[in-house]
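Student: I would like to learn how to read the features of a model like this one. Please take them one at a time.

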Amino acid sequence: MENSADITATPVSNIMVVDDDVTFCRVLSNAFSRRGFEVCTVHDSADIIAVAELYVPDAVVLDLRMPGVSGLEMISPLRSINQDIRILVLTGYASIATAIEAIKLGAVYYLTKPADADEIIARLHEKDGNPTAPVKNEFLSARRVEWEHINKVLMECNGNISAAARRLGMHRRSLQRKMNKHPVRR
């Protein structure tokens, strides 16, 4: 039986790394280059589409949170440039709601930071999901459930902090403070 993780759907030879963290981009770019990939980096969300049209990457490692635009908003425009593009969303602010939206929009995978280059490359080359992936039997903590609920409401409000705060019955600044914290791991 073939392992679906070993199958390459679309060969990936050039990767575009999109992240406003210049140091992170450089480190990831160097790691991909050492593994034989052509790499370009984009730090400003305003440049993503123009660079993608010029470079036509096979794959994009896309930061979820960039100044001015969500990585989620960039998935469809990137897929319109190349229908076979393999997009991996990478974030330090993971939530179930954003992971689901990323996959629904056409991303092939969603990883939380920190993730190493080997893991990212492996996920970019996976053809299908893994039905044998372990299913955890742990309950989420109350803080993690709160984080997930806030992200779900925020997604339903299309990222509008004020509208989400009204729906959650909290002050907008309180919601912003909660969103600026790193997510609870469990």
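Tutor: Start with a helix on a sheet: helix α1 (residues 22–34) lies across β1, β2, β3 and β6, and runs at about 170° to β2. Contact means heavy atoms within 4.5 Å. Axes are lines fitted to C-alpha atoms, for helices over the stretch in contact, and angles run from 0 to 180 degrees between N-to-C directions. Helices (H or I, at least four residues) and strands (E, at least two) are DSSP runs, numbered from the N terminus.

Student: What kind of model is this, and how are residues numbered?

Tutor: The model is predicted: local features need pLDDT of at least 70 and side-chain atom pairs count only at pLDDT 80 or more, while totals for chains, interfaces and linings use all residues. Residues are numbered from 1 along each chain as its sequence is written, and side-chain values use heavy atoms, with hydrogens and water left out.

Student: In what order do the strands of the open sheet stand?

Tutor: Two strands pair if DSSP finds at least two bridges between them. Here five strands form an open sheet in the order β2-β1-β3-β6-β7, with parallel pairing. β2 (38–42) and β7 are at the edges with a single partner strand each, so one side of each has no neighbour in the sheet. On average, neighbouring strands are turned by 20° against each other, direction ignored.

Student: Which strands pair with β6?

Tutor: Strand β3 (residues 59–63) pairs with β6 in the parallel sense over five bridges. Within that pairing, V60 stands opposite I87, and D63 stands opposite L90. β6 also pairs with strand β7 (residues 109–112), in the parallel sense over four bridges; there V89 has Y110 as its bridge partner.

Student: Is β6 buried or exposed?

Tutor: Buried means under 20% relative accessible area, exposed over 50%, and partly exposed in between (1.4 Å probe, protein chains only). Six of the six residues of β6 (residues 86–91) are buried, so the strand is largely enclosed by the rest of the structure. Both faces are covered: R86, L88 and L90 are buried on one side, and I87, V89 and T91 on the other.

Student: What does N14 in strand β1 reach with its side chain?

Tutor: A polar contact is a pair of N or O atoms within 3.5 Å; within protein, one must be able to donate a hydrogen and the other to accept it, and residues adjacent in sequence count only if both atoms are side-chain atoms. The side chain of N14 reaches the backbone nitrogen of D58 at 2.7 Å and the backbone oxygen of V56 at 3.5 Å. N14 counts as buried, at 9% relative accessibility.

Student: Which backbone values deserve a look?

Tutor: Most residues other than glycine have a negative phi, and most peptide bonds are trans. V56, not a glycine, has a positive phi of about 45°; V56 lies in the loop between α2 (48–55) and β3 and is partly exposed, at 38% relative accessible area. N158 has a positive phi of about 55° and is not a glycine either; N158 is exposed, at 72%. The peptide bond from K113 to P114 is cis, with omega near 0°.

Student: How do α6 and α8 cross?

Tutor: Two packed helices are described by the angle between their axes and the distance between the axes. The axes of helix α6 (residues 142–156) and helix α8 (residues 172–180) come within 11 Å and cross at roughly 115°. Residues E146, W147, I150, N151 and L154 of α6 make the contact with L175, K178 and M179 of α8.
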